[in-house]
Amino acid sequence: MEEVFKIRLKEELSHSGMSMNELARCIGVTPEMVTQYFTTKKMPRLDTFTKICKALDVSADYLLGLTNL
């Protein structure tokens, strides 16, 4: 699940036109923390995950790899 999350997070961030810094600002974390979501096994807290879904306008199920939509 971690790998799917990383891949889809990168894809959705790219599609959104937002930078990692902008996403970090939107979800209330540091840019370094967003980088960790892409490069380590670090997963966001549930409240932060919800903010990511809203900021990128994507479903939680999709980011977690539960659906392909």
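Helices here are DSSP runs of H or I covering at least four residues, numbered from the N terminus. The model is predicted, so local features need pLDDT of at least 70 and side-chain atom pairs count only at pLDDT 80 or more, while totals for chains, interfaces and linings use all residues. Residues are numbered from 1 along each chain as its sequence is written, and side-chain values use heavy atoms, with hydrogens and water left out.

On that helix count, D57 sits in the loop between helix 4 and helix 5, the latter spanning 60-64. The backbone at D57 has a phi near 55°, a positive value in a residue other than glycine. As for accessibility, buried means under 20% relative accessible area, exposed means over 50%, and partly exposed is whatever falls in between, with a 1.4 Å probe and protein chains only. D57 comes out at 72%, and is therefore exposed.

Next comes the interior. A nonpolar core is taken as a set of buried Ala, Val, Leu, Ile, Met, Phe, Trp, Tyr and Cys residues joined through side-chain atoms within 4.5 Å. The largest such core has 17 residues, and the members touching the most others are L9, L23, I52, L56 and L63. Each of helix 1, helix 2 (20-27), helix 3, helix 4 and helix 5 supplies at least two residues of this core. Helix 4 gives the largest share of it, four residues. For contacts, the criterion is heavy atoms within 4.5 Å. Not counting residues up to four places away in sequence, I52 touches L9, I27, Y37, P44 and L63.

T48 belongs to helix 4, which covers residues 46-56, and its relative accessible area of 8% makes T48 buried. Once neighbours within four places in sequence are left aside, T48 is in contact with I27, V29 and Y37. F38, in turn, is placed in helix 3 (residues 31-39). F38 also counts as buried, at 8% relative accessibility. With residues up to four places away in sequence set aside, F38 touches K6, L9, K10, L13 and M20.

Axes are lines fitted to C-alpha atoms, for helices over the stretch in contact, and angles run from 0 to 180 degrees between N-to-C directions. By the angle classes used, under 35 degrees is roughly parallel, over 145 roughly antiparallel, 65 to 115 roughly perpendicular, and the rest oblique. The axes of helix 2 and helix 4 come within 9 Å and cross at roughly 120°, which makes helix 2 oblique to helix 4. On the helix 2 side, the contact is made by L23, C26 and I27, and on the helix 4 side by T48, K51, I52, A55 and L56. Helix 2 also packs against helix 3, at an angle of about 110° and with the axes 8 Å apart, so helix 2 is roughly perpendicular to helix 3. Here M20, N21, L23, A24 and I27 of helix 2 meet P31, V34, T35 and F38 of helix 3.

What about the cysteines? A disulfide is a pair of cysteine sulfur atoms within 2.5 Å, and a search of the whole structure finds zero of them. The sulfur of C26 has its closest cysteine sulfur in C53, 13 Å away, and that is too far for a bond. C26 is exposed, with a relative accessible area of 52%, whereas C53 counts as buried at 9%.

Finally, the chain ends and helix 1. G65 lies in the segment after helix 5 and is partly exposed, with a relative accessible area of 35%. G65 and M1 are 64 residues apart in sequence, and their C-alpha atoms are 6.7 Å apart in space. Leaving aside neighbours within four places in sequence, G65 is in contact with V4 and R8. E11 lies in helix 1 (residues 2-16) and is partly exposed, its relative accessible area being 35%. The C-alpha atoms of E11 and L63 are separated by 9.9 Å, with the two residues 52 apart along the chain.
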